[in-house]
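Dear colleague,

Here is the structure I promised to hand over. My notes follow below it.

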Amino acid sequence: MELSILLAEQILSMFLTMIVGYIIVKIGLFKETDSKIISNMVVYICSPCVIIDAFQIELTDDKLQGLLIAVVAAICVHIVMIGGTKLMEKPLHFNRIEKASVIYSNSGYLLIPLVGNVLGKEWVFYTTAYNLVQTVLLWTHAVGIISKKDEKNYKEIFLNPNMIAMFLGMLMFISRIRLPQVIGTCVSSFGDMISSASMLVIGMVIGNVDLKWVFRQKRPYLICFIRLIFYPVIGAVAFGVLGSMEIHPDAEYILMIVFLATAAPVAAMVTQLAQIYDQDAKYASVINVMSVIFCIITMPCMVMLYESFF
């Protein structure tokens, strides 16, 4: 219960930062297009710094086993969501944007700052597992869904700055290389910016969106229900049972991190891919905005359900 309350407080705090971004666009202090500059800073500087900083920990068998558990759990989550969405596709008449929105979550912008602020910086290490799996699938499976092409952009996968940071971080972790104090402080400082900067971007993006019009749309409610409640409930039960089996000393929190990614709102990358491949980017942004707002309530409730197993 305490953790779910702490999570709710943190999400609310991040939501207030998002409101600041929304307001500065509404009053004309910034333009919505200015958010791209901050977004690039988050993607190319802050996020890689967070990942590298997360690997600056002592190498132990428990850490390696925990990371492996997180990777396997992330793979299983995506198998279930991809398979489940495939089964629901015809009965619920999903279009390409809806399928991608149901499967892929905002595991970067939201998960890393949430875990760092709620559980502590030392736990951010395990967020790399879900991000690794999802990054690979975004540039293969998600691109295939949205573009309707059997396209596997391996260059985008391996040259993604976050993937490079994961490989570098893992290399330093395994070889026990520690950054010099001056460089380490610089890396940590950029990493500390990710929470406020990423939520500011989301707020600025929706600055020109008519929220009344957004909430008059009906289909996004169904997509948000599946993304924020249906799949997370399945995950809460599965991870709750698995975590109580004591497969690892920190299994409860390792699986909770994967679970938080599962319960997160729709990935902003879906909207970006829709723009790239000339799909309905406006509809994708509507689903994204709705899911971000609803997650303020749904994520703490899902964590409360997960915690009930312990």
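Is F294 buried, partly exposed or exposed? F294 is partly exposed, at a relative accessible area of 26%. (Buried means under 20%, exposed over 50%, partly exposed in between, with a 1.4 Å probe and protein chains only.)

This is a predicted model: local features need pLDDT of at least 70, side-chain atom pairs count only at pLDDT 80 or more, and totals for chains, interfaces and linings use all residues. Residues are numbered from 1 along each chain as its sequence is written, and side-chain values use heavy atoms, without hydrogens and water.

Aromatic pairs. The count is 10. (Rings of Phe, Tyr and Trp, the last by its six-membered ring, pair if their centres lie within 6.5 Å; planes under 30 degrees apart are stacked, over 60 edge-to-face, the rest tilted.) F125 and F173 make a tilted pair, 5.2 Å centre to centre with 50 degrees between the planes. They sit 48 residues apart, F125 in the loop between α5 (111-118) and α6, F173 in α8 (residues 161-174). (Helices are DSSP runs of H or I, at least four residues, numbered from the N terminus.) F125 is buried at 0%, and so is F173, at 0%. F215 and F294 are edge-to-face, because their planes stand at 65 degrees, with centres 6.0 Å apart. F215 is partly exposed at 29%.

T85. This residue lies in helix α3. T85 is buried at 2%. Its side chain reaches the backbone oxygen of M81 at 2.6 Å.

Best wishes

Note on methods. Helix = DSSP H or I, 4+ residues; strand = E, 2+ residues; numbered from the N terminus. Polar contact = N/O pair within 3.5 Å; in protein donor to acceptor, adjacent residues only side chain to side chain.
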